Amino acid sequence: MSSLSAGIRSVAGACVLAVLTAVSTPASAQEQTQQPAATIVNPTAEGVTQQQLLQQEPRITGRISIPDSRAAVLIQPGGKEWRAFHEIALRWIAAIAIIGMLVVLVAFYLTRGMVRLESGRSGRTIVRFNGFERFVHWMTATCFIILGLSGLNITFGKKLLMPLMGPDAFSTFSEWAKYTHNYLSFPFTIGVVLIFLMWLGGNIPNRTDIEWLKRGGGIIGHDHPPADRFNAGQKAIYWIVVLGGAAVAISGYVLIFPFYGTGIGEMHTAHVVHAVVAVLFFAIMLAHIYIGTIGMEGAFEAMGSGTVDVNWAKEHHSLWLEKELHQGKSEGPRGREPFSTPAE
């Protein structure tokens with residue numbers, strides 16, 4: 001009889017448990033469906049996107065053990081924009097500017113050729129630049145060329161040089177190019193400052209420059225408009241060197257010495273300014289190099305030996321030559337400076 005009672009109690013308990021389970025399950029399900037979606041944890045769901053994280057917090061940071069909190073920044077929207085500029089936009093800007101300038105210069109040379117001395121050489125030369133001026137020019141020019149090529153390596157080297165040199169050689173080359181780029185920035189900056197101080201007085205624009213530009217500056221056609229020591233084209237190059245050199249120097253030093261009074265945003269801006277100004281600067285200087293070498297007869301001698309033929313001075317800088325003569329300096333082999341002995 002007791003075993004029968006125990007069996008009945010077991011069956012009754014099982015029935016009560018089943019009823020309670022059946023009643024509580026719909027209520028739990030209804031409560032779960034009423035919870036906000038954000039609190040439901042789905043272990044099989046995919047991770048949130050980067051965009052979702054950036055919408056909640058402008059920067060994604062991690063944990064660090066050093067005092068500088070800026071080192072904890074892992075991802076930020078500005079970094080993505082900077083990378084897109086460096087990897088895509090900058091390459092297009094540099095390629096269009098530099099290759100475009102080379103195409104224009106080649107086309108101009110094929111159609112116009114070298115600008116010759118129409119009156120021929122006189123056999124007498126006149127001092128145009130002294131030794132100190134030429135030293136500053138060549139120091140600045142040499143640094144500029146090396147800085148330009150080593151800078152272009154950052155933009156194009158991985159695509160153009162690494163397949164030819166191999167990863168190891170390219171890595172070594174790029175490391176030395178980086179050090180060269182950083183250290184040569186100092187003599188380049190000194191050169192730009194000295195150029196600004198040396199030639200400022202002769203590079204102030206005036207009405208003569210307007211007339212020179214209207215007449216094509218002697219480059220277009222065979223006209224020889226009057227010009228002082230520096231014509232309008234040379235004045236333009238002067239101000240490009242001074243202003244462009246200042247821009248690349250200041251922005252470059254911000255990059256060499258990062259986060260001294262600047263944040264990540266300012267560093268991005270400094271890089272964009274440095275890169276864009278530098279590639280445009282480099283492209284323009286290609287035209288200056290062209291005119292000073294194969295573009296114009298006798299032009300290289302001004303910075304080579306420091307003297308130019310008297311007929312060259314008459315054709316390209318007649319006002320300057322007149323001032324030299326007006327100062328009592330006679331023209332001829334026995335005259336005083338700036339004239340020298342006849343060329344042999």
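Predicted model: local features only at pLDDT ≥ 70, side-chain atom pairs only at ≥ 80, totals over all residues.
Which residues do ring pairs link into a cluster? Residues are numbered from 1 along each chain as its sequence is written, and side-chain values use heavy atoms, with hydrogens and water left out.

The cluster consists of Phe144, Phe188, Phe281 and Phe282, linked by ring pairs. Rings of Phe, Tyr and Trp (its six-membered ring) are taken as a pair if their centres lie within 6.5 Å; planes under 30 degrees apart count as stacked, over 60 as edge-to-face and the rest as tilted. Searching the whole structure on this basis gives 11 aromatic pairs. One of them is edge-to-face and joins Phe108 to Tyr290, with 6.3 Å centre to centre and 80° between the planes. This pair bridges distant parts of the chain, since Phe108 belongs to helix H3 and Tyr290 to helix H9, 182 residues apart. Helices (H or I, at least four residues) are DSSP runs, numbered from the N terminus. On the accessibility scale, buried means under 20% relative accessible area, exposed over 50%, and partly exposed in between (1.4 Å probe, protein chains only). Phe108 is partly exposed at 25%, whereas Tyr290 is buried at 7%.

A tilted pair is formed by Phe144 and Phe281, at 4.8 Å centre to centre and 50° between the planes. Here too distant parts of the chain are linked, with Phe144 in helix H4 and Phe281 in helix H9, 137 residues apart. Both Phe144 and Phe281 are buried.

Rings also take part in contacts with a charge, which sits over a ring if NZ of Lys or CZ of Arg is within 6 Å of the ring centre and within 35 degrees of the ring normal. Arg128 lies over the face of Phe230, 5.9 Å from the ring centre. Arg128 also lies over the face of Trp320, at 5.0 Å from the ring centre.

Next comes the nonpolar interior. A nonpolar core is a set of buried Ala, Val, Leu, Ile, Met, Phe, Trp, Tyr and Cys residues joined through side-chain atoms within 4.5 Å. The largest such core holds 45 residues, and Phe188 and Trp199 touch the most other members. At least two residues of this core come from each of H3, H4, H6, H8, H9, H10, H11 and helix H12 (318-326). H9 gives the largest share, eight residues.

The open space was examined on a 1 Å grid over the protein atoms alone, where a pocket is an open set of points at which a 1.4 Å probe fits, with protein on both sides within 12 Å along at least five of seven lines, and lining residues have an atom within 4 Å of a point. Grid points are joined across faces, edges and corners, and a volume is the space filled by probe spheres set on the points. The largest pocket has a volume of about 1,300 Å³. Its lining has 50 residues, with Ile237, His288, Ile289, Ile291 and Gly292 nearest the centre. Among the elements that give two or more residues to this lining are helix H3 (77-112), helix H6 (167-199) and helix H8 (232-256). The largest share, 10 residues, is from H9. For the class counts, Ala, Val, Leu, Ile, Met, Phe, Trp, Tyr, Cys and Pro are nonpolar, Asp, Glu, Lys and Arg charged, and the others, Gly among them, polar. By class, this lining has 32 nonpolar, 15 polar and three charged residues.

The second largest pocket has a volume of about 1,100 Å³. Of the 40 residues lining this pocket, Gly151, Ile154, His181, Leu255 and His274 lie nearest its centre. H3, H4, H6, H8 and H9 each give two or more residues to the lining, and the largest share, 10 residues, comes from H4. The lining divides into 20 nonpolar, 16 polar and four charged residues.

Finally, some loop residues deserve a mention. Phe259, in the loop between H8 and H9, has a positive phi of about 65° although it is not a glycine. Phe259 is partly exposed, at 33% relative accessibility. Pro226 is found in the loop between helix H7 (207-214) and H8; its C-alpha is 6.1 Å from that of His317, 91 residues apart in sequence.
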